[in-house]
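Hi everyone, thanks for coming. Please bring the sequence and the 3D view up on your screens, and I'll walk you through them.

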Amino acid sequence: MKLDSVDQILDFAIAKEQEAWQFYMDLAAKVGQQPVKQVFEAFAGEELQHKAKLIEIKQRKLMIPVQQRVLDLKIGDHLVDIVLSPNMTYQQALIVAMKAEKAAFRMYHDLAAAAGEGNLKESLLMLAQEEARHKLRFEIEYDDNFQREN
Amino acid sequence: MTEPVKKQYDLNRREMPKQLPEVRRYNFNEVALGYTAETAIEEAKRCIQCKKPLCISNCPVEIDIPGFVKCIAEGDFLGGIRILKDKNCLPAICGRVCPQEEQCEKTCVFHKKGGQIAVGRLERFLADWEAQQCEPEMPEMLPNSGRKVAIVGGGPAGLTVAGDLIKLGHKVTVFEALHRMGGVLIYGIPEFRLPKVIVTREVEYLRKLGVELITDFVVGKTRTIDSILGEYDAVFVGSGAGLPWFMEIPGENLNGVYSANEYLTRLNLMKGYLFPKYHTPVKSHRKVVTVGGGNVAMDCARSALRLGAESRIVYRRSREELPARLEEVENAEEEGVIFDFLTLPLRYIGDESGWVRAIECQKMALGEPDSSGRRRPVPIEGAIVTFPVDAVVCAIGNSPNPLIGATTPGLTIGKKGNIEADEKTGTTSREKIWAGGDVVTGAATVILAMGAGRFAARSIHEYLSRPQAEVSQNSGA
């Protein structure tokens with residue numbers, strides 16, 4: 001896929017959000033525990049919201065330059081990769097989500113680094129920060145639920 | 001005309017004697033030694049008997065605190081224990097391990113000036129006095145109702161439900177998975193904080209009241225709840241939170257890496273520290289790191305110290321955020337536990353035989369407050385420290401064992417594995433099944449579990465007091 005214009009970048013990002021929705025729905029279908037299934041379905045729902053936001057940005061040409069870097073708690077960075085299995089727990093579901101969002105952040109960040117100065121770079125940096133915001137939301141949920149005594 | 005005399009209040013909270021740190025760090029005997037009768041009376045006399053006592057409303061089991069304190073002040077200890085036991089069937093335990101500083105004592109009118117009445121110490125005094133002076137009094141018992149209640153789990157929630165319902169005339173059976181009753185009171189909290197003889201005494205009291213106690217019975221394996229319901233009118237699930245969390249970092253499968261549950265169970269339930277008197281020794285370690293900052297982490301670190309190790313706690317936040325009781329933190333510091341705050345384990349490093357040999361940690365700093373006002377720790381770039389260890393104890397929390405949820409169709413389970421139950425009644429998504437304590441809330445405190453047990457017992461009694469036909473009809477549901 002060519003990423004020569006802001007619209008192409010946004011189309012790419014919209015497709016990525018759709019893939020993320022599919023990823024979580026596949027996990028929801030795979031896990032056995034109903035509450036964890038619902039957690040993944042909720043994550044999938046959030047990806048659709050992200051997709052809708054990007055579509056709106058594209059239609060209304062709402063690209064906003066990055067003002068401030070999103071806080072990175074780096075909680076997921078040192079955790080092991082979770083083996084996807086039917087017995088996954090809520091804790092593991094959050095780790096999967098943190099890592100997926102971090103990977104998306106890195107992808108946009110790397111693309112931005114490779115892009116020249118101008119609108120393309122700004123667009124990619126904005127998308128990177130958007131993914132960082134998603135990751136922070138999962139990090140805070142993880143911190144509040146599984147790190148209270150740590 | 002004379003000026004009115006300003007009333008002088010005694011704000012001098014009486015201290016409770018303790019074993020000296022340099023002595024107690026080498027033994028598992030109880031740290032706090034309790035009030036003498038004279039000190040207890042002095043302390044109780046400080047209470048001004050508020051007309052609208054806030055201490056009662058902040059007690060999860062609504063004990064008439066001014067009532068029993070007044071009895072102590074007057075030297076009527078028997079009267080005091082009667083009032084105490086009217087609402088709390090485990091006073092010797094609560095007097096030792098409940099966080100009174102966050103509950104009844106926090107709302108004492110003297111709290112702001114640091115002179116709050118030492119409710120927990122007085123509660124403990126009365127319970128210990130009763131145990132030394134006389135056989136416990138038998139309470140009034142209602143006649144046999146002909147109804148049967150099964151209780152899953154012999155911990156604080158289950159024992160409270162048992163104590164309440166047996167007095168109301170119902171036949172009660174407690175099914176406990178381990179070989180001793182008491183749950184976390186037996187396997188979790190160490191001897192130096194809660195002597196097991198006290199737990200045994202409280203359990204024996206329930207036995208004398210007529211509660212049937214069955215050990216080595218794993219509900220969900222030995223028999224399911226639905227099978228038990230074939231013989232009982234109601235089931236209360238108080239099976240606790242026994243499934244430990246790990247950090248999901250590299251090296252957690254190395255030998256020498258324990259969950260707090262395993263480490264404490266080996267010591268407390270299996271009496272590992274009393275080898276060879278008990279044939280279940282624990283491995284002797286030289287350098288132990290405990291991960292976490294709660295009461296369980298303090299218990300692990302202080303136990304490791306008593307077993308002769310250099311004992312260190314690594315905690316991701318600062319001292320101010322430690323979730324453990326301040327008293328336990330101070331005890332640990334006095335005894336020589338080393339604290340490394342703002343330190344996060346990244347990985348455990350093993351040797352060629354698969355034993356843990358080091359723990360690599362990231363130094364942290366507290367970031368700016370987020371929208372909730374909480375300052376979250378963030379890594380300091382490049383600040384890595386490594387400690388040599390031969391054991392690590394992970395004490396970061398627990399969730400309920402999934403067994404009961406997996407074997408009880410229709411019982412609604414939350415995403416953290418907890419049974420979903422009504423806060424005020426303990427009712428669940430299933431008719432005839434109630435739940436309370438850590439299995440509902442996740443790991444919390446003994447008194448909160450007892451409070452949940454009390455609410456559930458009330459609700460179960462109300463249900464069992466309905467006309468027989470209605471209960472039987474429900475039985476068939």
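Let me begin with a term: two strands pair if DSSP finds at least two bridges between them. Helices (H or I, at least four residues) and strands (E, at least two) are themselves DSSP runs, numbered from the N terminus. Now a word on what you see: this is a predicted model, where local features need pLDDT of at least 70 and side-chain atom pairs count only at pLDDT 80 or more, while totals for chains, interfaces and linings use all residues. Residues are numbered from 1 along each chain as its sequence is written, and chains are lettered from A and ligands numbered from 1 in the order in which they are written.

Let's start with an antiparallel sheet in chain B. Its three strands form an open sheet in the order β10-β11-β12, with antiparallel pairing. Which strands stand at the edges? They are β10 (343-350) and β12 (375-388) of chain B, each with a single partner strand, so one side of each has no neighbour in the sheet. From one strand to the next, the twist averages 20°; axes here are lines fitted to C-alpha atoms, for helices over the stretch in contact, and angles run from 0 to 180 degrees between N-to-C directions. Between β10(B) and strand β11 (residues 356-369) of chain B there are seven bridges. If you want one pair to click on, B:Tyr348 has B:Ile359 in β11(B) as its bridge partner.

Next comes a parallel sheet, again in chain B. This open sheet has five strands, in the order β6-β13-β7-β8-β9, and the pairing is parallel. At the edges stand β6 and β9 (338-340) of chain B, and each has a single partner strand, so one side of each is left without a neighbour in the sheet. Ignoring direction, neighbouring strands are turned by 25° against each other on average.

We can walk across it. Strand β6 (residues 257-259) of chain B is joined to β13(B) by three bridges, with B:Ser259 partnered by B:Cys394 in β13(B). On to strand β7 (residues 287-291) of chain B, which four bridges join to β13(B); there, B:Thr290 stands opposite B:Val393. Then β7(B) pairs with strand β8 (residues 310-314) of chain B over five bridges.

As for β8(B), four of its five residues are buried, so the rest of the structure largely encloses it. Helix α12 (residues 260-269) of chain B lies across β6 and β13 of chain B, at about 85° to β6(B).

Now the core. A nonpolar core is a set of buried Ala, Val, Leu, Ile, Met, Phe, Trp, Tyr and Cys residues joined through C-beta atoms within 7 Å. The largest one has 168 residues, and B:Phe236 and B:Val392 have the most contacts inside it. Which helix gives the most to this core? Helix α17 (residues 446-464) of chain B does, with 12 residues. Of the 19 residues in α17(B), 16 are buried.

What does B:Phe236 touch? Two residues are in contact if their C-beta atoms, placed from the backbone, lie within 7 Å. Leaving aside neighbours within four places in sequence, the contacts of B:Phe236 include B:Val149, B:Trp434, B:Ala456 and B:Ile460.

For contrast, find B:Lys167 in helix α8 (residues 156-167) of chain B. B:Lys167 counts as partly exposed because it has 19 C-beta neighbours inside 10 Å. Not counting residues up to four places away in sequence, B:Lys167 touches B:Pro139, B:Met141, B:Leu142 and B:Leu209.

Last stop, the place where the chains meet. The contact takes 20 residues from chain A and 23 residues from chain B. On the chain A side, α2 (34-60), α3 (90-114) and α4 (119-146) each supply at least two residues, and α2(A) gives the most, with four residues. Thanks, and do ask me anything!

Technical notes
A residue is buried if 20 or more other C-beta atoms lie within 10 Å of its own, exposed if 12 or fewer, and partly exposed in between; C-beta atoms are placed from the backbone.
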